[in-house]
Amino acid sequence: MKANKNLLLKLIEEIPESQLEEVINFILFLKHKQDKKLFSDLVSASESSIDFWNNDIDDEVWNNV
């Protein structure tokens, strides 16, 4: 893993300053994509937890509370 980071840093050092913004945008795109996936996984997990409570027995009990 560290070898990949070192290679990336070396490549960044070699590219022209005029292309750095494009590299930054791509890295931010990848980060956003990863964050979006994590959020999606969290939503899916919470939805599966909610399904547990969606049943006729609990509905009847809570209707009489």
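A: Happy to! Of the chain's 65 residues, 0% count as buried, where buried means under 20% relative accessible area, exposed means over 50%, and partly exposed is in between (1.4 Å probe, protein chains only). This is a predicted model in which local features need pLDDT of at least 70 and side-chain atom pairs count only at pLDDT 80 or more, while totals for chains, interfaces and linings use all residues. Residues are numbered from 1 along each chain as its sequence is written, and side-chain values use heavy atoms, leaving out hydrogens and water.

The chain has 3 helices and 0 strands, helices (H or I, at least four residues) and strands (E, at least two) being DSSP runs numbered from the N terminus. Read from the N terminus, the order of elements is α-α-α. The chain is more spread out than a compact globule, because its radius of gyration is 23 Å, well over the 11 Å that the globule rule gives for 65 residues. That radius is taken over C-alpha atoms, and the rule is 2.2 Å times the number of residues to the power 0.38. Along the principal axes, the C-alpha trace spans about 70 × 25 × 15 Å.

Now for the charges themselves. There are 7 positive and 13 negative side chains, and the centres of the two sets lie 15 Å apart. Lys and Arg count as positive, Asp and Glu as negative, with His and the chain ends not counted; each charge is placed at NZ of Lys, CZ of Arg, CG of Asp or CD of Glu.

Side chains of opposite charge can pair when their charged atoms come close. A search of the whole structure finds 3 salt bridges, each a side-chain nitrogen of Lys or Arg within 4 Å of a carboxyl oxygen of Asp or Glu.

In helix H1 (residues 2-14), Glu14 and Lys10 are 4 residues apart, which means about one helical turn separates them. Their side chains meet in a salt bridge at 2.7 Å, N to O, and Lys10 is partly exposed at 48% relative accessibility.

Helix H2 (residues 20-53) holds Asp35 and Lys31, 4 residues apart, about one turn of the helix. The closest N and O atoms of their salt bridge are 3.3 Å apart. Both ends are partly exposed: Asp35 has 36% relative accessibility, and Lys31 has 47%.

Further along helix H2, Lys37 and Asp41 are also separated by about one helical turn, being 4 residues apart. Here the closest N and O atoms of the salt bridge are 2.9 Å apart, and Asp41 is partly exposed with a relative accessible area of 37%.

Finally, a look at the nonpolar side of the surface. The chain exposes about 6500 Å², with carbon and sulfur atoms supplying 62% of it (Shrake-Rupley method, 1.4 Å probe; for residues, only the protein chains shown count as cover). Ile57, Val61, Trp62 and Val65 make a nonpolar surface patch of about 520 Å². Patches are made of residues with over 30% relative accessible area and no salt bridge, joining like charges within 9 Å and nonpolar side chains (Val, Leu, Ile, Met, Phe, Trp, Tyr) within 5 Å. Val61 sits in helix H3 (residues 56-63) and is partly exposed, with a relative accessible area of 48%. Asp59 also lies in helix H3 and is partly exposed at 35% relative accessibility.
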